[in-house]
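Try each one yourself before you read the solution.

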Amino acid sequence: LYVIGGIIALLVAELFIGFSITAKSATLAGLVEISYPIFIALFSYLFFKDKVTMPTIIGAALVFCGIGVIYFFNK
């Protein structure tokens, strides 16, 4: 069941990335792709009840800082 859900989620995600590149820009689509680790941590907590640890929170903060740097200096 998890494998089928994972395959469906992957296909939907790839479609949305393709649509975002054609609708906006590859840079914006790249910013969305950078945030994948955040969603991995969230879904691992929801599906497997893994605890969110301090390194995960620090990693998420660094990812968002990187997104901010790319967004603000790409103008």
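**Exercise 1.** Look at helix 3 and say what follows it.

*Solution.* Keep in mind that you're working with a predicted model. Now go back to the helix itself: it covers residues 36–48, 13 residues in total. From first C-alpha to last it reaches 17 Å, close to the expected 18 Å.

**Exercise 2.** Work out whether Ile 34 is buried, partly exposed or exposed, and find what it touches.

*Solution.* Start with its place in the chain: Ile 34 sits in helix 2, which runs over residues 26–34. Next, take its relative accessibility, 31%. Buried means under 20% and exposed means over 50%, so Ile 34 counts as partly exposed at 31%. Then check contacts, skipping neighbours within four places in sequence: you'll find Val 63, Ile 67 and Ile 70.

**Exercise 3.** Describe the overall build of the protein: which elements does it have, and how spread out is it?

*Solution.* Count the elements: four helices and zero strands, in the order α-α-α-α from the N terminus. The radius of gyration is 14 Å, well over the 11 Å that the globule rule gives for 75 residues, so the protein is more spread out than a compact globule. Along its principal axes, the C-alpha trace spans about 40 × 30 × 10 Å. Last, look at burial: 12% of the 75 residues count as buried.

How values were computed
Residues are numbered from 1 along each chain as its sequence is written. This is a predicted model: local features need pLDDT of at least 70, side-chain atom pairs count only at pLDDT 80 or more; totals for chains, interfaces and linings use all residues. Side-chain values use heavy atoms; hydrogens and water are left out. Helices (H or I, at least four residues) and strands (E, at least two) are DSSP runs, numbered from the N terminus. Buried means under 20% relative accessible area, exposed over 50%, partly exposed in between (1.4 Å probe, protein chains only). Contact means heavy atoms within 4.5 Å. The expected span of a helix is 1.5 Å times one less than its number of residues. The radius of gyration is taken over C-alpha atoms; the globule rule is 2.2 Å times the number of residues to the power 0.38.
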